[in-house]
Amino acid sequence: MRLAPPVRTCVGCRHRASASEVLRFVKVGSELRPDPRRRLPGRGAHLHLDPACFALAERRRAFGRALRFTGVLDTAPLAEHIRAVTAPHGTTGGGASPRPDQQGGRPT
């Protein structure tokens, strides 16, 4: 009998996904640290490797609730990790170009 893979909920978009599809992060001090190997101690939460999910979680103030922490959390290390993982290889991070469906103007 095969067991189903563990399922986790993204704190940003609130969609459920396999644990291998989301990034675990933990609170270390007042900082959010990515835990891609899932080995850091403490209460963890999960987030898709998508800047939109990160922004949504920040806007909803989901990080503190998920980690049961009241206070200000430094999200910079987590944001940098997501940016590094999702950035196209060979770029220096000088700004992302908009997706084709988000460009202004009329279609050609």
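Two strands are said to pair if DSSP finds at least two bridges between them. The model shown in these views is predicted.

**View 1. Strands β3 and β4 pair in the antiparallel sense.** Four bridges join β3 to β4. Val26 stands opposite Arg33, a residue of β4.

**View 2. Three strands form an open sheet in the order β4-β3-β5.** The pairing within this sheet is antiparallel. The edges are taken by β4 (31–34) and β5 (44–48); each has a single partner strand, so one side of each is left without a neighbour in the sheet. On average, neighbouring strands are turned by 40° against each other, direction ignored.

**View 3. Helix α3 lies across β3, β4 and β5.** This helix comprises residues 76–86 and runs at about 30° to β4.

**View 4. Phe25 and Phe63 form an aromatic pair.** The ring centres of Phe25 and Phe63 are 5.4 Å apart and the planes stand at 80°; planes over 60 degrees apart count as edge-to-face, so this pair is edge-to-face. Phe25 belongs to strand β3 (residues 22–28) and Phe63 to helix α2 (residues 62–66), so the pair ties together parts that are 38 residues apart in sequence. Both Phe25 and Phe63 are buried.

**View 5. Ring pairs link Phe25, Phe54 and Phe63 into a cluster.** The pair of Phe54 and Phe63 is tilted, with 5.6 Å from centre to centre and 45° between the planes. Phe54 has a relative accessible area of 10% and is buried. Phe63, at 5% relative accessibility, also counts as buried.

How values were computed
Residues are numbered from 1 along each chain as its sequence is written. This is a predicted model: local features need pLDDT of at least 70, side-chain atom pairs count only at pLDDT 80 or more; totals for chains, interfaces and linings use all residues. Side-chain values use heavy atoms; hydrogens and water are left out. Rings of Phe, Tyr and Trp (its six-membered ring) pair if their centres lie within 6.5 Å; planes under 30 degrees apart count as stacked, over 60 as edge-to-face and the rest as tilted. Helices (H or I, at least four residues) and strands (E, at least two) are DSSP runs, numbered from the N terminus. Buried means under 20% relative accessible area, exposed over 50%, partly exposed in between (1.4 Å probe, protein chains only). Axes are lines fitted to C-alpha atoms, for helices over the stretch in contact, and angles run from 0 to 180 degrees between N-to-C directions. Contact means heavy atoms within 4.5 Å.
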